[in-house]
Amino acid sequence: MEHMPADPHQQHMLRAIELSRQNVAAGRGGPFGAVVVKDGVVIGEGANAVTRTNDPTAHAEVEAIRAACAHIGSFDLSGAVIYTSCEPCPMCLSAIYWARIGRIYFANTTADAAEVDFDDRFIYRELQKDPASRSVPMTQLMRDEALQAFRDWRESMGKVRY
């Protein structure tokens, strides 16, 4: 039997790494796994499911966040920690912030990911550019009309802030 480290951080990271390796071995998707923990309890796990589900947003961190939110019945993961087998891409990092996760532990780096053809550096560079200068053209259209939805939101009594 393999020795399990006493450090809970290492235990959770080992689980994220195990999920990433199992995903590759089973041919289910990319080499990424993630675990969300709150108050010492695993509340969500995920492995990359992009190719299996034909969903480009089905990264391990997003899958783990979705599972954690479903498990606790809330979109707010304040006080939770995420362990991920690789430094999060820009999309996953944004999801982590939106979920209000308080800490990120990661194993592989973005440079390690780039070595196996998962290169996010392009997206990080694109985010620094003015929207009109990005590789995917962005054109603002009908702002005045769209602002009405924001005014409606501001005045709504039934809104749930997130």
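Q: How much space lies in the largest pocket?
A: This is a predicted model, in which local features need pLDDT of at least 70, side-chain atom pairs count only at pLDDT 80 or more, and totals for chains, interfaces and linings use all residues. Residues are numbered from 1 along each chain as its sequence is written, and side-chain values use heavy atoms, leaving out hydrogens and water. A pocket is an open set of points on a 1 Å grid over the protein atoms alone, where a 1.4 Å probe fits with protein on both sides within 12 Å along at least five of seven lines, and its volume is the space filled by probe spheres set on the points, joined across faces, edges and corners. For the largest pocket, that space is about 260 Å³.

Q: Which residues of the lining are the closest to the centre of the largest pocket?
A: The lining (residues with an atom within 4 Å of a point) has 17 residues. Helix H2 (50-53) and helix H3 (60-72) each supply at least two residues of it. The closest to the centre are Phe32, Asn48, His59, Phe118 and Asp120.

Q: How many helices and strands does the chain have?
A: Helices (H or I, at least four residues) and strands (E, at least two) are DSSP runs, numbered from the N terminus. Reading from the N terminus, the elements go α-β-β-α-α-β-α-β-α-α-α. The totals are seven helices and four strands.

Q: Do strands E1 and E2 run parallel or antiparallel?
A: E1 (residues 33-38) and E2 (residues 41-47) are joined by six bridges; DSSP must find at least two for strands to pair. Val36 stands opposite Gly44 in E2. The two strands form a hairpin with two residues between them, and Asp39 in the turn has a positive phi of about 55°.

Q: Which unit do E3, helix H4 and E4 make?
A: Strand E3 (residues 80-86) runs parallel to strand E4 (residues 103-108), with five bridges between them. Helix H4 covers residues 90-98. Right-handed means that, with the strands pointing away from you, the path from the first strand over the helix to the second runs clockwise, and here E3, H4 and E4 make a right-handed β-α-β unit.

Q: Is Ala99 buried or exposed?
A: Ala99 is found in the loop between H4 and E4. Beyond neighbours within four places in sequence, Ala99 is in contact (heavy atoms within 4.5 Å) with Ile65, Phe75, Asp76, Leu77 and Ser78. Its relative accessibility is 4%, and under 20% is buried, over 50% exposed, in between partly exposed (1.4 Å probe, protein chains only). Ala99 is therefore buried.

Q: How far apart in space are Pro90 and Asp120, C-alpha to C-alpha?
A: Pro90 sits in helix H4 and is buried, with a relative accessible area of 10%. Leaving aside neighbours within four places in sequence, its contacts are Asp120, Ile123, Tyr124 and Leu127. Although Pro90 and Asp120 lie 30 residues apart in sequence, their distance in space is 7.5 Å.

Q: How many disulfides does the structure hold?
A: A disulfide needs two cysteine sulfur atoms within 2.5 Å. Cys92 is buried at 1% relative accessible area, but its sulfur is 3.6 Å from the closest cysteine sulfur, in Cys89, so it is too far for a bond. Cys86 is buried as well, at 4%, and its sulfur is too far from the closest one, in Cys89, because the gap is 9.0 Å. The number of disulfides is zero.
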